[in-house]
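Here is a short briefing for a reader who is new to protein structures. Please look at the sequence and the model first, and then follow the points below.

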Amino acid sequence: MRILVTDGMDKTAMAELKAQGHEVVEQFYEPAELGKALRDFDVVVVRSKTKVRAAQIDEAKGSRLKLIIRGGVGVDNIDVDYAKAAGIDVKNTPRASSESVAELAMAHMFSCARYISHAGYTMRNDQWEKKAYGKGIELCGKTLGVVGFGRIGQKLGVMAKAIGMNVIAFDIFHIPGIEEQLGIPYVEMDELLAKADFISVHAPAVDGGALINAERIAKMKDGVVIINTSRGTNVDEAALLAGLESGKVRAAGLDVYADEPATNKALYSHPMVSCTPHIGAATVEAQKRIGAEIVDIISKM
């Protein structure tokens, strides 16, 4: 088969696909060019940069394209139902990056608690702000509220419990037996908002507005820390910035943004924001696991 890789992939996985006799082309296409290019491939592998929307699917319809693979968890950069209606299957790799995204969320929690991001920035500008950053807080003994209790949320919950945090979770779907297995109870959203010292979002993008908005921030504890490594649209950036400015929100850890590359400079440059440029799955280990899952999916075609 001819396989197009638009946003990069683990080299070992690409070598394995070539060893199986497939032709692998690594090239990024702008949206206006992508649809026509897809007609010449059986499979396209994308990450978060490439968007496969109805316009591209319409151009590829009726061609040799059989499968779109998203190397990662979310598939909101693909019009999944539209593709399937056109006879093009869509797969993702939901298990491969759970550990790395959960670890990044935990890293942002530590950064927010101890001013790590901004304290490092000031030191690199020859400032010794020991007093300013001497009022950190500990994670041990605090309550973490996990919004979205799938694979990543569960991983983070286990990590948080291991360092002595109390963990509660909200999800519209309840997994039978998971509360007893992990010792993490499901609660309603309002209870989570009222009890949590740290809130970490691990839900897919939702229709109907942000999961964390001004109304929900108002229901949170004063001094809450908000972490988002899921989708940028899950947190209302204007409401979050207002919360940071008022002090209602102590700090925020962000890996995802409403626009990417991020354009809300007032938010990502705020001294109480620990920020990274959508690198949740960007570890050597996760990329190898993602590559292995992609090879497995293609091998089963």
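Strand β4 (residues 67-70) pairs with β5 in the parallel sense, over four bridges; strands here are DSSP runs of E of at least two residues, helices are runs of H or I of at least four residues, both are numbered from the N terminus, and two strands pair if DSSP finds at least two bridges between them. Within this pairing, isoleucine 69 stands opposite lysine 91 in β5. This is a predicted model, in which local features need pLDDT of at least 70 and side-chain atom pairs count only at pLDDT 80 or more, while totals for chains, interfaces and linings use all residues. Residues are numbered from 1 along each chain as its sequence is written, and side-chain values use heavy atoms, with hydrogens and water left out.

**The whole protein**

- The protein contains 13 helices and eleven strands, and its radius of gyration is 21 Å, close to the 19 Å that the globule rule gives for 301 residues, so it is as compact as a globular protein of that length; the radius is taken over C-alpha atoms, and the rule is 2.2 Å times the number of residues to the power 0.38.
- The C-alpha trace spans about 60 × 50 × 35 Å along the principal axes of the protein.
- Of the 301 residues, 49% count as buried, where buried means under 20% relative accessible area, exposed means over 50%, and partly exposed lies in between (1.4 Å probe, protein chains only).

**The five-stranded sheet**

- Strands β4 and β5 belong to an open sheet of five strands with parallel pairing, in the order β2-β1-β3-β4-β5.
- At its edges are β2 (23-26) and β5 (89-92), each of which pairs on one side only.
- The twist from one strand to the next averages 20°, with axes being lines fitted to C-alpha atoms and angles running from 0 to 180 degrees between N-to-C directions.

**The six-stranded sheet**

- A further open sheet has six strands in the order β7-β6-β8-β9-β10-β11, and its pairing is parallel.
- Strands β7 (166-170) and β11 (273-275) stand at the edges with a single partner strand each, so one side of each is left without a neighbour in the sheet.
- Strand β9 (residues 224-228) is joined to β10 (residues 249-254) by five bridges; valine 225 has alanine 251 as its bridge partner in β10, and asparagine 228 stands opposite leucine 254.
- Four bridges join β9 to the parallel strand β8 (residues 198-201), where phenylalanine 198 has valine 225 of β9 as its bridge partner.
- Five of the five residues of β9 are buried, so this strand is largely enclosed by the rest of the structure.
- Both faces of β9 are covered, with Val224, Ile226 and Asn228 buried on one side and Val225 and Ile227 buried on the other.

**Two loop residues**

- Is arginine 231 buried or exposed? Arginine 231, which lies in the loop between β9 and α11 (237-246), counts as buried because its relative accessibility is 15%.
- Glycine 62, in the loop between α3 (54-60) and β4, counts as exposed because its relative accessibility is 73%.
- The C-alpha atom of glycine 62 is separated by 8.3 Å from that of arginine 39, although the two residues are 23 residues apart along the chain.
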